[in-house]
Amino acid sequence: MSETCVTVKKDTTIAGFLSAKDVKERLEGMLKEKTGTFIANLVSLANLDPNIAKCEPKSLMMCGLKATALNLSLDNNLGFAYAIPYNDNKKGITVAQFQLGYRSFVQLAMRTGMYRSINVIDVREGELCKWDALTEDLELKVIDNENRREATAIVGYAAMFVLTNGFRKIIYKKKEALLAHGKRFSKAFGNGPWKSDTDSMCKKTLIKELLSKWGVLSTEVMEGIKFDQSIIKETGEPEYPDNGSEDPQALDYGLPADLLADINNLCDIAGISDAEKAMKLGGLKGDLALAEAWRKELEKGLAGKKDGMQTV
């Protein structure tokens, strides 16, 4: 789709927008026999939530298309993918912001076939016995009475994964830190799932960090990270309305900006895919010596290719 291919009249409903001939033809070209179900689901979503019904129809459609591309359900009640109303004061309209829940990141990760296990849990008051961020030694004594545990305040969250090759990563953060992160990065903090399901959003924030920094990043996982908390333009590119946007293309992987820029440039020249590069950078865990060694390895490899071409 191009930016100018669809013109939306003011006050057009999502049902009216999707039933327009040009829109429906484009959807049929992309979704084939799934078009009817796609339209019905979006119309139902708008009918059930007056705030979503106020959203500019094109933005809601793009949320639906991205959820479909990731094979996730766009249903604010299921917690996989959300369409969150966001007031665009510059344009004077309400648009739908695409957000993923923690269940989506777990599901996208498991689809890679590279994870033996992955989980994220809340930690209640009195359950945390020990946490060492350096050794990742986490010791919990979980309250065994379910009712008593539910009545106990949440103080933090822990997330972990184990890859099929045995690599294991664990992180823990206090609830206050995750809430502060959400307030800083999401203008929808006082709305949508941050308000109605704070627990799930804290889990999402932690597991997203876990995967983006240390996980195996398949194309689907990278797409999920890239488009989370974005307004999806008709070109299919994300736009980040939030202060301090977490555009994954700006992830620093704990490395100096000049070193990361060199690595990105060398990877582009060498034809290394974004997914492969992200996996390698995540595996470096911010180790400056390892990053320098990889940069030199890339330079050596490119120099070897150049010499080989010159001697032919």
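Reader: What covers the buried residues of helix 11?

Author: This is a predicted model. In it, the cover includes helix 5 (57–69), helix 6 (102–110) and helix 10. Strand 2 (93–100), strand 8 (231–232) and strand 9 (238–239) are also part of the cover.

Reader: And which residues of helix 11 are buried?

Author: Helix 11 spans residues 219–227. Its buried residues are Val221, Gly224, Ile225, Lys226 and Phe227.

Reader: Zoom out. How many helices and strands in the protein chain?

Author: The chain has 14 helices and 9 strands. It runs to 312 residues, and 43% of them count as buried.

Reader: What share of the contacts links residues 24 or more positions apart?

Author: 62%, taking the contacts with a separation of 6 or more.

Reader: Now the core. Which residues touch the most other members of the largest nonpolar core?

Author: Leu18, Leu27, Met61, Leu74 and Phe98. That core has 70 residues. Its largest share comes from helix 10 (residues 198–214), with 7 residues.

Reader: New topic. How do the axes of helix 2 and helix 3 cross?

Author: At roughly 120°, and the axes come within 9 Å. Helix 2 covers residues 21–31 and helix 3 covers residues 35–48. The angle is why helix 2 counts as oblique to helix 3.

Reader: Which residues meet there, helix 2 to helix 3?

Author: Helix 2 brings Lys24, Leu27, Glu28 and Leu31. Helix 3 brings Thr35, Phe38 and Ile39. The contact divides into 4 nonpolar, 1 polar and 2 charged residues. Leu27 is also on the list of core residues that touch the most other members.

Reader: Last thing, confidence. Which elements have the lowest and the highest mean pLDDT?

Author: Helix 13 (residues 274–284) is lowest at 70. Strand 6 (residues 154–163) is highest at 97. The chain averages 85, and 87% of the residues score at least 70.

Reader: Where is the pLDDT below 50?

Author: Residues 1–6 are one such stretch, with 19 contacts in the model beyond near neighbours in sequence. Residues 243–250 are another, with 15 contacts counted that way.

How values were computed
Residues are numbered from 1 along each chain as its sequence is written. This is a predicted model: local features need pLDDT of at least 70, side-chain atom pairs count only at pLDDT 80 or more; totals for chains, interfaces and linings use all residues. Side-chain values use heavy atoms; hydrogens and water are left out. pLDDT is the predictor's confidence in each residue, from 0 to 100. Helices (H or I, at least four residues) and strands (E, at least two) are DSSP runs, numbered from the N terminus. Contact means heavy atoms within 4.5 Å. A nonpolar core is a set of buried Ala, Val, Leu, Ile, Met, Phe, Trp, Tyr and Cys residues joined through side-chain atoms within 4.5 Å. Buried means under 20% relative accessible area, exposed over 50%, partly exposed in between (1.4 Å probe, protein chains only). Axes are lines fitted to C-alpha atoms, for helices over the stretch in contact, and angles run from 0 to 180 degrees between N-to-C directions. Angles under 35 degrees count as roughly parallel, over 145 as roughly antiparallel, 65 to 115 as roughly perpendicular and the rest as oblique. Ala, Val, Leu, Ile, Met, Phe, Trp, Tyr, Cys and Pro count as nonpolar, Asp, Glu, Lys and Arg as charged, and the others, Gly among them, as polar.
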